[in-house]
Amino acid sequence: MRPVEAVFFWAAVALYVVAFAASVFGAVFRRRGVESAGFAFAVAAFASHTVAVILRWALAGHVPVGNRYELNLSGTWLAVLVLLGLGLAAPRVRLVVAGGLPPILLALGLGVTAWKVIAPLSPAYDSYWLIVHVVFAFLSFGCFVGSFSAATFYLIEDTGRRHRLSHRLPPLPELEEISYRLVVAGFILEAVMIATGAVWANDLWGSYWSWDPVETWSLVSFLVYAVYLHLRTFAGWRGRRSAAVAIVGLVFVFLSFWGVQWLVPTVHDVNQF
């Protein structure tokens, strides 16, 4: 990572941390100004994040998707774009946006600990299908992060007691609906991710599906959300049970995006190309 790039990357990380802390502090202690500043810090963090992505793009000479660091840098940018879009469209759920920042920070941390050397894209990765695949993957990740946050706040509030956060969150049925709608959006986007990945794999290896560990776990995470939608739609699961499944779903997304590559060999390990 070049020094100028590092400045904007770490500034973005610091501002995301401040945004989360300010949003939660402001909500808990009923400091409206501090809470509003939290969203402003998130926007500032996103601006710094954007500059880091642009710098990496310019320094590498290609779309920054060539290794784990670049994928996480660009991917989390897309995920935050989803969260901020939600916060701008519905200011009442900005605390839910702040609740999605810890998973974003975790993903950035996983990226920055990986190989960061600038290198040309390998022939395998020099494909428009890769860009489409990554875009849909991380847009779905952003939706699932937002659903996770809404579901987490639902469980916090649904304890039979009034919490300090109640005045800054939508009513419980609305929180559940937000989580559900984000799962629906993420589910569709993840389906496109899997489909474009299959087309790309066929171009690259002559097979649409090879049961590679990342492919398999991506399918597993997809099926977890399919189960969520089935249980909510046909089995009447609402409230705490559906919120718990939405939270578990993000765990499987992290396993499919990052965990598997650390545990077993996979053709999706971008650092091998």
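The helices α1 and α2 are roughly antiparallel to each other, a term for angles over 145 degrees. The model is predicted: local features need pLDDT of at least 70, side-chain atom pairs count only at pLDDT 80 or more, and totals for chains, interfaces and linings use all residues. Residues are numbered from 1 along each chain as its sequence is written, and side-chain values use heavy atoms, with hydrogens and water left out.

**Helix pair α1 and α2**

- Helix α1 covers residues 3-28 and helix α2 residues 32-60; their axes come within 7 Å and cross at roughly 160°. Helices are DSSP runs (H or I, at least four residues), numbered from the N terminus. Axes are lines fitted to C-alpha atoms over the stretch in contact, and angles run from 0 to 180 degrees between N-to-C directions.
- The crossing of α1 and α2 is left-handed, that is, the near helix is turned anticlockwise from the far one by less than a right angle.
- By class, 23 nonpolar, 5 polar and 3 charged residues make up the contact of α1 with α2. Ala, Val, Leu, Ile, Met, Phe, Trp, Tyr, Cys and Pro count as nonpolar, Asp, Glu, Lys and Arg as charged, and the others, Gly among them, as polar.

**Helix pair α3 and α5**

- The axes of α3 (residues 68-89) and α5 (residues 101-112) come within 8 Å and cross at roughly 165°. This makes α3 roughly antiparallel to α5.
- The crossing of α3 and α5 is left-handed. Contact (heavy atoms within 4.5 Å) involves residues including Tyr69 and Leu73 of α3 and Ile104 and Leu108 of α5.

**Loop residues with positive phi**

- Most residues other than glycine have a negative phi.
- Arg30, in the loop between α1 and α2, has a positive phi near 55°. At 49% relative accessibility, Arg30 counts as partly exposed; buried means under 20% relative accessible area, exposed over 50%, and partly exposed in between (1.4 Å probe, protein chains only).
- Trp211 is placed in the loop between α7 (172-205) and α8 (213-234), and its phi is likewise positive, near 55°. With a relative accessible area of 58%, Trp211 is exposed.

**Ser147 in helix α6**

- Ser147 belongs to helix α6 (residues 128-157) and counts as buried at 1% relative accessibility.
- Leaving aside neighbours within four places in sequence, Ser147 is in contact with Ser179, Leu182, Val183 and Ala246.

How values were computed
Helices (H or I, at least four residues) and strands (E, at least two) are DSSP runs, numbered from the N terminus. Angles under 35 degrees count as roughly parallel, over 145 as roughly antiparallel, 65 to 115 as roughly perpendicular and the rest as oblique.
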